[in-house]
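Please examine the sequence and the coordinates shown here before turning to the report.

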Amino acid sequence: GHSGIRRSLSLIHAAMHACSRNAWWEKSYGLLRHASNSHYRINGGTYANLISSYLRNAQWSQALSALRAMDREDIPKWDERAVDAANIAIKVCIKGRSPSRGIWIMDRWMQRAGVRPNCNTLNLALIAYGKMGGWREAISIAILRFNELKLRRNVETFTSLASALINGKRWE
């Protein structure tokens, strides 16, 4: 049945995760290709593992290419783990010193792809705006977007907002 396929894909995800932790991003990509060639139904979790592997190994352009490939395969339309892949791609942008690209992923790509932001997405946006000095935008996200999406704020939310305010010299 399908449980064997799911279990095998889970093993591929575990192997991709292990590759990521050992700086073998090429092998992680090879596992995705193997899964695809073996006719597994690649999902957001597969791409989340691949993008994470690229992030851990500072392969910024490959990470964003993987997000685009995931989009071309229409994965976000049916897989709830697509938000994990998008969040990791936003982290890639922040670490790669391109926080505005991370904001673009949240504001444009996720909306177009039909991926609903979660608390982690908005917390990453706060970090990105903080890096860009966008304290007003950070306040807007912390108040309006969280309310609009009916998401609960957490410690990371307030820490990221405080950091954005400090970076914007608005701590008073």
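## Basis and confidence

This is a predicted model, in which local features need a pLDDT of at least 70, side-chain atom pairs count only at pLDDT 80 or more, and totals for chains, interfaces and linings use all residues. Residues are numbered from 1 along each chain as its sequence is written, and side-chain values use heavy atoms, with hydrogens and water left out.

The pLDDT is the predictor's confidence in each residue, on a scale from 0 to 100. For the protein chain the average pLDDT is 86, and 92% of the residues score at least 70. Confidence is lowest in helix H1 (residues 2–21), with a mean of 74, and highest in helix H7 (residues 119–131), with 95. Residues 1–6 have a pLDDT below 50, and this stretch has one contact in the model beyond near neighbours in sequence. Where pLDDT is low, the predicted coordinates should not be read in detail.

## Helix pair H4 and H5

Helices are DSSP runs of H or I with at least four residues, numbered from the N terminus. The axes of helix H4 (residues 60–72) and H5 come within 10 Å and cross at roughly 155°; axes are lines fitted to C-alpha atoms, for helices over the stretch in contact, and angles run from 0 to 180 degrees between N-to-C directions. H4 and H5 are therefore roughly antiparallel to each other. In this classification, angles under 35 degrees count as roughly parallel, over 145 as roughly antiparallel, 65 to 115 as roughly perpendicular and the rest as oblique.

The crossing of H4 and H5 is left-handed, a term that applies if the near helix is turned anticlockwise from the far one by less than a right angle. Contact is defined by heavy atoms within 4.5 Å. On the H4 side, Trp60, Ala63, Leu64, Leu67 and Met70 meet residues of H5, among them Ala82, Ala85, Ala89 and Cys93.

## Helix pair H7 and H9

H7 and helix H9 (residues 155–167) have axes that come within 8 Å and cross at roughly 15°. That angle makes H7 roughly parallel to H9. H7 passes H9 in a left-handed crossing.

The residues of H7 that meet H9 include Cys119, Asn120, Leu126, Ile127 and Lys131. Their counterparts in H9 include Glu156, Ser160, Leu161 and Asn167.

## Cysteines

How many disulfides does the structure hold? The number is zero, where a disulfide is a pair of cysteine sulfur atoms within 2.5 Å. The sulfur of Cys93 has its closest cysteine sulfur in Cys119, at 19 Å, which is too far for a bond.

Cys93 counts as buried, because its relative accessibility is 3%; buried means under 20% relative accessible area, exposed over 50%, and partly exposed in between (1.4 Å probe, protein chains only). Cys119 also counts as buried, at 16% relative accessibility. Cys93 is one of the H5 residues that meet H4, whereas Cys119 is one of the H7 residues that meet H9.

Asn87 lies in helix H5 (residues 82–95). Its relative accessibility is 3%, so Asn87 counts as buried. Apart from neighbours within four places in sequence, Asn87 is in contact with Asn118, Asn120, Thr121 and Leu124.

Ile75 is placed in the loop between H4 and H5 and counts as buried at 1% relative accessibility. Not counting residues up to four places away in sequence, Ile75 touches Ile42, Asn43, Gly44, Tyr47 and Met70. Ile75 and Lys91 are 16 residues apart along the chain, and their C-alpha atoms are separated by 20 Å. Leu165, in helix H9, is buried with a relative accessible area of 18%. From Leu165 to Ser38 the separation is 127 residues in sequence and 49 Å in space, C-alpha to C-alpha.

## Positive phi in loops

Most residues other than glycine have a negative phi, and most peptide bonds are trans. His39, a residue other than glycine, has a positive phi near 65°. His39 lies in the loop between helix H2 (25–37) and helix H3 (44–56) and counts as exposed, at 73% relative accessibility.

Lys150 is not a glycine, yet has a positive phi of about 55°. The loop that holds Lys150 is between helix H8 (135–148) and H9. At 74% relative accessibility, Lys150 counts as exposed.

Terms used. Helix = DSSP H or I, 4+ residues; strand = E, 2+ residues; numbered from the N terminus.
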